[in-house]
Amino acid sequence: MINQKSSEFVSVPQAKTNGWQILRYQFMQIWQVLAALILIYAVFFVLSPAFRNIDTLLSIFSQAAILAILACGTTVVLISGGLDLSVGSIFAVVGVVVGVLIKDYQLAYPVAIIGALVAGTCLGALNGVIQVVTKVPAFIVTLGGLTAYKGLAELLGSGKDLSRFPEGFQMLGSGYFAPICIMFGAALLTGLFLTKTRLGNHAFAIGGNEEVARLSGVKVARSRIYYYMIGGMFAATAAILEVSKLNFAQSSRGVSYELFAIAAVVIGGTSLFGGRGGVGKTIIGMLIMQTIIVGLAYLGVGTSFQRIAIGAIIILAVYWDVWRRQAR
Amino acid sequence: MKHVVAAKKILQARGLSKHYGGVVALDSVDLDLREGEVLAIVGDNGAGKSTLVKALTGAIVKTSGSVLIDGRETRIDNPADAKAAGMETVYQDLALVNEISITKNMFLGREIIKDTLIGRLFGVLDFPKMDAKIRDLFEKLDIRITDIYRDAEAFSGGQRQAVALSKTVMFGKRIAILDEPTAALGVRESKMAMDLVSSLKDHGLSVIMITHNMQHVLNYCDRVVVMRLGKVAAVCDVAEVDGDTLVGLITGAIEKRQGR
């Protein structure tokens, strides 16, 4: 039996974990990015008078909403140690698909929405299946998807007028309320998935150490396909919302959305190397990015400089991730 | 347990081979594990110890050979097959995922699902039940880790090894296979880990253990298999050998001999 006096096996005694402890633990995970968001907001609040009203705040949220929904899927994929560069193009395909289903096929819009969600999920599944079968790295497979799905979107949408949708469909993405609610709904679902379910927990294990997960009996390949399907499904959700908001669908939409999503995930503090992270961080990361974009615009800074600023922040965020890993 | 009179053979390997291209890593190895014993596997680096363990547990695809459990041939093509056959393996450096909690590590791949409709439908984890099982087990094994919700990387090498070894008691219904359980540990932590290994017997497990430490072989094991160049060089009762003989067998200075 183990020596009673030795200290190595003894750690600080602690009562059973309760809800409050878990809540505090989760807050400890996000307080830094949350503080960064509030600080950045405060800076613009001081600098720009036009920034100081509730409409600005709401427009930041609603502009963040569509990309944040897309980024929910990206969060899951990155936590599992994967990468999906094709979600921007899936976004384009699904936008066209929902337009075609409503306008060309005259389907009732709820049916069209379901069809579009299925299409996005299938394209995500294709990403996963190709990786699992061919063992080609995620970067290459989804880079191929980025171009190929773009082409698919153009084929489906060419020469079609996909605009002026039924009123019920337009309700989804218009105004502030619906997109923001759907964003929080998507985040809540993703959060529950990641923390409460077996498949969600396996994302952390696979992203942390794929070999240990495999040896422990986790079905790594199958799980990976599911994570890419989730990525595709959230890309589809975001695309449907944008089509509804703009009241037209076009195959040219969604360009570099995958990069904005990855940026938000990383700024939020989810590791680019897998194994760590959460969806709450991603939402905050997206809000940070939108606050900076809107704030700089209010200060009269042009879009070119906004892009440079966002690029710098992405590098800083990844640097912070790398630095934290080395510090361990 | 030095009286090994006609003990039941719980696990037998027959003619296990593993070729990597032209390289023969494992050359037609036979191995018997008797019920309730601790069997050491020793050998120099590259002798094929880890390959043998991986071939036994389905972590690699063997080139040829078969595995018998309780005398019946059992197909073991992947880690899941091995687990289903009652084998639980602790791989060197591949025991725990750093990024997830002790609870999640303990039940990784074998989580307990909430027994409700929603729970079964979505695979919702039953953390209270899993936590309770771990606390019971740790108390039984005298492992004093209470903050099991913390990530595995927060714990010392000894604590992590204790967790990994306790997994064999939780799930390894019959056979524990350990790849250098004390490799990364200090002297005191090694002693504790080895005490835990020998207590596995009391929990009804038969143990195969790879080790480089001759003292551990002599103090804690019943029999020892010496491997050299992918083959079994010798099988001895620990009671009949000393450290020098073992080293001689490992290096090839002493020629092959077959014990009981």
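Trainee: What is the strand order in the open sheet of chain B?
Mentor: This is a predicted model. In it, the open sheet of 4 strands in chain B runs E2-E1-E4-E5, with antiparallel pairing.

Trainee: Which strands are at the edges?
Mentor: Strand E2 (23-34) and strand E5 (72-73) of chain B, each of which pairs on one side only.

Trainee: How many bridges link E4(B) and E5(B)?
Mentor: Strand E4 (residues 64-69) of chain B and E5(B) pair over 2 bridges, in the antiparallel sense. B:Leu68 stands opposite B:Glu73 in E5(B).

Trainee: Changing topic, helix H6(B). Why is it described as largely enclosed?
Mentor: Because 12 of the 15 residues of H6(B) are buried, the rest of the structure largely encloses the helix. The buried residues include B:Gly158, B:Arg160, B:Leu165 and B:Lys167.

Trainee: Now the interface. How many residues of each chain are in contact?
Mentor: 32 residues of chain A contact 39 residues of chain B.

Trainee: Which elements of chain A give two or more residues there?
Mentor: Helix H8 (198-208) and helix H9 (210-215) of chain A. H8(A) gives the most, with 6 residues.

Trainee: How do the residues on chain A's side divide?
Mentor: Into 13 nonpolar, 12 polar and 7 charged.

How values were computed: Residues are numbered from 1 along each chain as its sequence is written. Chains are lettered from A and ligands numbered from 1 in the order in which they are written. This is a predicted model: local features need pLDDT of at least 70, side-chain atom pairs count only at pLDDT 80 or more; totals for chains, interfaces and linings use all residues. Two residues are in contact if their C-beta atoms, placed from the backbone, lie within 7 Å. Ala, Val, Leu, Ile, Met, Phe, Trp, Tyr, Cys and Pro count as nonpolar, Asp, Glu, Lys and Arg as charged, and the others, Gly among them, as polar. A residue is buried if 20 or more other C-beta atoms lie within 10 Å of its own, exposed if 12 or fewer, and partly exposed in between; C-beta atoms are placed from the backbone. Two strands pair if DSSP finds at least two bridges between them.
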